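Hi,

Here is the structure I said I would pass on. Have a look at it first, and then read on for what I found in it.

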Amino acid sequence: VRLQTRTPDGPRGMLSTFIHIFKSGGPLGLYSGLSASLLRQLTYSTTRFGVYEELKSTFTTPTTTPSFPLLIALASTSGFLGGIAGNPADVLNVRMQHDAALPFSQRRNYAHALDGLVRMTREEGWRSLFRGVAPNSMRAVLMTASQLASYDGFKTLILSHTPLSDNLTTHFSASFLAGFVATTICSPVDVIKTRVMSAKEREGLGRLLGRIYRVEGVGWMFRGWVPSFVRLGPHTVVTFLFLEQHKRVWRMLHGEGERLGEKV
């Protein structure tokens, strides 16, 4: 967020931004917006993963599995619903992380996520909770399609064209590749979403894109890619490793999979 919203005279790289935040806000400054980030995961991620798995199971039969284009469609639908569900927490997350970069007179100083939700509703109206919902939902569609669908796609390719079986190595490889794809595809929309949500005043999407392009050129599309991948890469790997083990245990408990003691 800090790299995506930085001013021309601000820190330019991930390391310099890290040092700047540490010097100005101390160790706790690195965790600004943590409560909002947790709330976002509870709403956004739970919705998109839950809907995707439910839809995928609906279109799976004992003899056939969903095609890759169908997986993309299912993931896009799941991401769209997740983007709407998680938008209020996402607005708070962006604002709380961006707060320290603002002058003292312009800071919102939300104590935590719930305080931010109450104050936003009271001071700006309930519509403020859905500021940036269009680019956010677009990002959620791209993120879920590029993350979940690509994971299933990479996993199928690995199982089909390598000696690897359905084990942790396969899950790690597919999830790492999915994290790379998701970060790259979502970077331009992520920058737009961050700029819209952190703005003090409303600005049309076309006007915003024109202004960003005039000032920053085409490089704006991948601003903050490295820290985004540093965050999203491990997050994607851990998420899918946990999800695969969770599904395996669930199937075992319901008599649909291997016994727990068998190799995964």
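What percentage of the 264 residues in the chain is made up of buried residues? The figure is 41%. Keep in mind that this is a predicted model.

**The overall layout**

You'll be looking at helices here: the chain has 8 of them and 0 strands. Reading from the N terminus, the order of elements is α-α-α-α-α-α-α-α. Take the contacts between residues at least 6 apart in sequence: 71% of these join residues at least 24 apart.

Start with helix H3 (residues 68-98) and H5, whose axes come within 6 Å and cross at roughly 140 degrees. Angles over 145 degrees would count as roughly antiparallel, and H3 and H5 are therefore oblique to each other. The crossing of H3 past H5 is right-handed. On the H3 side, the residues in this contact include Phe68, Leu71, Ile72, Gly79, Gly83 and Asn87. On the H5 side, among them are Val133, Asn136, Ala140, Val141, Ala145 and Gly153. Sorted by class, the contact of H3 with H5 has 11 nonpolar, 10 polar and 2 charged residues.

Now for H2 and H5. These two pack at an angle of about 50 degrees, and their axes are 12 Å apart. H2 and H5 are therefore oblique to each other as well, and H2 passes H5 in a right-handed crossing. From H2, the residues Arg40, Tyr44, Arg48, Phe49, Tyr52 and Lys56 take part. They meet Arg139, Ala140, Met143, Thr144, Gln147, Leu148, Ala149 and Asp152 in H5. By class, the contact of H2 with H5 divides into 7 nonpolar, 2 polar and 5 charged residues.

Is Asn87 buried or exposed? Asn87 is buried, with a relative accessible area of 0%. Asn87 sits 49 residues from Asn136 in sequence, while their C-alpha atoms are 7.0 Å apart in space. Both residues belong to the contact of H3 with H5.

**The salt bridges**

Side chains of opposite charge can pair when their charged atoms come close. How many salt bridges does that give here? The count comes to 9. Here are some to look at.

Glu53 and Lys247 meet through their side chains, with 3.9 Å from N to O. Glu53 is in helix H2 (residues 34-58) and Lys247 is in helix H8 (residues 225-253), so this pair ties together parts that are 194 residues apart in sequence. Glu53 is partly exposed at 21% relative accessibility, whereas Lys247 is buried at 15%. The cut-off for buried is under 20%, which is why these two partners fall into separate classes.

Glu123 pairs with Arg119 in a salt bridge at 3.2 Å, N to O. Both of these residues are in helix H4 (residues 113-124), 4 residues apart, or about one turn of the helix. Arg119 counts as buried, with a relative accessible area of 18%.

Asp166 and Lys155 also form a salt bridge, and their closest N and O atoms are 3.6 Å apart. This pair links distant parts of the chain, 11 residues apart: Asp166 is in the loop between helix H5 (133-161) and helix H6 (168-198), while Lys155 is in helix H5. Asp166 is partly exposed at 38% relative accessible area, and Lys155 is buried at 13%.

You have already come across Lys56 and Asp152 in the contact of H2 with H5.

**Around Lys155**

Back to Lys155 in helix H5. Which residues is Lys155 in contact with, leaving aside its neighbours within four places in sequence? The answer is Asp166, Thr170, His171, Ala174 and Glu244. Asp166 is the salt-bridge partner mentioned above. The C-alpha atom of Lys155 is also separated by 8.1 Å from that of Ser173, which is 18 residues away along the chain.

Over to you!

How values were computed
Residues are numbered from 1 along each chain as its sequence is written. This is a predicted model: local features need pLDDT of at least 70, side-chain atom pairs count only at pLDDT 80 or more; totals for chains, interfaces and linings use all residues. Side-chain values use heavy atoms; hydrogens and water are left out. A salt bridge is a side-chain nitrogen of Lys or Arg within 4 Å of a carboxyl oxygen of Asp or Glu. Buried means under 20% relative accessible area, exposed over 50%, partly exposed in between (1.4 Å probe, protein chains only). Axes are lines fitted to C-alpha atoms, for helices over the stretch in contact, and angles run from 0 to 180 degrees between N-to-C directions. Angles under 35 degrees count as roughly parallel, over 145 as roughly antiparallel, 65 to 115 as roughly perpendicular and the rest as oblique. A crossing is left-handed if the near helix is turned anticlockwise from the far one by less than a right angle, and right-handed if clockwise. Contact means heavy atoms within 4.5 Å. Ala, Val, Leu, Ile, Met, Phe, Trp, Tyr, Cys and Pro count as nonpolar, Asp, Glu, Lys and Arg as charged, and the others, Gly among them, as polar.
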